[in-house]
Amino acid sequence: MSQTLLALVALMVAMQISMVQQRSVLNARLSMVSSEMETVATGAGLDILDYIGSKAFDAATATQTITDPANLTSLPFATGGLYTDALDIDDFNGIQPYVYSTDVDGIDFVVQIEVNYVDEGNLTESVLTPTFSKSVTVTLNQTSLEQPVQLTRVFSYP
Amino acid sequence: MQFLIDHITATMIGGTVLLILAVAQFRTNEAVVDQTSYYASKKQVLELTNMIESDFKNVGLGVPPGAPVFNEVTPTAIEFNLLLAPGDVATSAVRYEAVPIDTLELDGQSEPLFQLRRSVNGVLTGQSPPRMAEFVVELRNIEGNPVANPEDTETIHVHYALVPPFNADKGFIKKTYWTRTFLAPNL
């Protein structure tokens, strides 16, 4: 009787070890997939930031040179626009979720963008009055990512 | 007879336990090799990216108006002019070329492997590991559509993939990708 119990215990321990190992391999693979996605997402995010940076700093600066920040678009920025319709940087704020397609095995990311004015003496601090610096935060999401990838860049005028 | 059955049963149970442990150990080893290989490949992709980015971001820098920026654009090679260093008085011709090196069986298909070579004014100055499975350079407009005439280029799309150095055909991730579209402010 005791021999049978010991044999069962040995089998259970071996199966437990096997399950732990399987879980460990699965976690390692999920981590690799997520890491790969992060790399692709970073490239996509940099592309989007470059594209945003190619637009005018503000609607007011698109056609003329201004020196007083009070002439810039006041807060809150409009939301709900389309990525492809944006003409200046703050037009990207709160756009409708945009699907960015890469040429890597058909991987797509859902992109959301937030634009804020930032303190020119402390570029990490958002402010509620117009300044000549805008921070743009691009968030890319995809089901294989453990968490969304966020990239922030500050654009300054002139 | 009972003695014999007990021994056979014990041997079978012991064998099963040992087999389970051996398989678990084998798979752990495989997973470790797979992970090591993947991260080695990723590191090489990022190092290669550093080399490529500084060139492609500055395509056309210092090229006089009217002079050609691109000397050659083919599916496997691109050559363009730019000022490489702030003190330079003349532009240099930087060339990237994917040279076929080998082939590899991936998912039952034979795929060519390349080595990306960078040369400046005809002198080899850098190269990728000889395991590049994909290399695409495309001249595009700002909307992301390919342009027929290189002089109309507004962005340069670069895409490449490296195959991990070990067990590439059996690994979980068979290629490590990098893809970027550079705005070329000097064009």
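Leaving aside its neighbours within four places in sequence, which residues is B:Leu61 in contact with? Before the answer, please keep in mind that this is a predicted model.

## Starting at B:Leu61

B:Leu61 is in contact with B:Asn81, B:Leu82, B:Leu83, B:Thr91 and B:Asn186, once its neighbours within four places in sequence are left aside. To find B:Leu61 on your screen, go to the loop between H1 and strand E1 (70–74) of chain B. One of the residues it touches, B:Leu83, is 22 residues apart from B:Leu61 along the chain, and the C-alpha atoms of the two are separated by 5.6 Å.

Is B:Leu61 buried, exposed or partly exposed? Its relative accessible area is 31%, so B:Leu61 counts as partly exposed, a class that lies between the cut-offs of 20% and 50%.

## Chain B as a whole

Now step back and look at the entire chain. Chain B holds one helix and eight strands.

Among the contacts in chain B with a separation of 6 or more, 45% are between residues 24 or more positions apart.

B:Ala184 sits in the segment after E8 of chain B. B:Val59 is 125 residues apart from B:Ala184 along the chain, yet their C-alpha atoms are separated by 6.4 Å.

Not counting residues up to four places away in sequence, B:Ala184 touches B:Glu154 and B:Ile156. Why does B:Ala184 count as buried? The reason is its relative accessibility of 7%, because buried means under 20%.

## Where the two chains meet

Let us turn to the contact between the chains. How many residues does each chain bring to it? Chain B gives 28 residues and chain A gives 28 residues. Together the two chains bury about 2,600 Å², of which 64% is on carbon and sulfur atoms. Three residues, B:Phe172, B:Tyr177 and B:Arg180, supply 20% of the area that chain B buries against chain A, more than any other three residues.

Two salt bridges are counted between chain B and chain A. One of them joins the side chains of B:Arg180 and A:Asp47, at 2.6 Å from N to O. There are also twelve residue pairs in polar contact between the two chains. On the side of chain B that touches chain A, helix H1 (2–57), strand E7 (155–162) and strand E8 (176–183) each supply at least two residues. H1(B) gives the largest share of that side, 15 residues. By type, the residues on that side of chain B divide into 15 nonpolar, eight polar and five charged.

## Backbone details to look for

Chain A has two cis peptide bonds to visit. A cis bond joins A:Leu75 and A:Pro76, with omega about 0°, and A:Pro76 lies in the loop between helix H1 (2–53) and strand E1 (98–101) of chain A. The bond from A:Tyr157 to A:Pro158 is cis as well, with omega near 5°, and A:Pro158 is in the segment after strand E5 (149–156) of chain A.

In chain B, look for positive phi values in residues other than glycine. B:Asp107 has phi near 50° and is found in the loop between strand E3 (92–106) and strand E4 (109–120) of chain B. B:Asp107 counts as exposed because its relative accessibility is 63%. B:Asn121, not a glycine either, has a positive phi of about 50°; its place is the loop between E4 and strand E5 (123–127) of chain B.

Technical notes
Residues are numbered from 1 along each chain as its sequence is written. Chains are lettered from A and ligands numbered from 1 in the order in which they are written. This is a predicted model: local features need pLDDT of at least 70, side-chain atom pairs count only at pLDDT 80 or more; totals for chains, interfaces and linings use all residues. Side-chain values use heavy atoms; hydrogens and water are left out. Contact means heavy atoms within 4.5 Å. Buried area is the accessible area (1.4 Å probe) that two parts lose on being put together, summed over both. A salt bridge is a side-chain nitrogen of Lys or Arg within 4 Å of a carboxyl oxygen of Asp or Glu. A polar contact is a pair of N or O atoms within 3.5 Å; within protein, one must be able to donate a hydrogen and the other to accept it, and residues adjacent in sequence count only if both atoms are side-chain atoms. Helices (H or I, at least four residues) and strands (E, at least two) are DSSP runs, numbered from the N terminus. Ala, Val, Leu, Ile, Met, Phe, Trp, Tyr, Cys and Pro count as nonpolar, Asp, Glu, Lys and Arg as charged, and the others, Gly among them, as polar. Buried means under 20% relative accessible area, exposed over 50%, partly exposed in between (1.4 Å probe, protein chains only).
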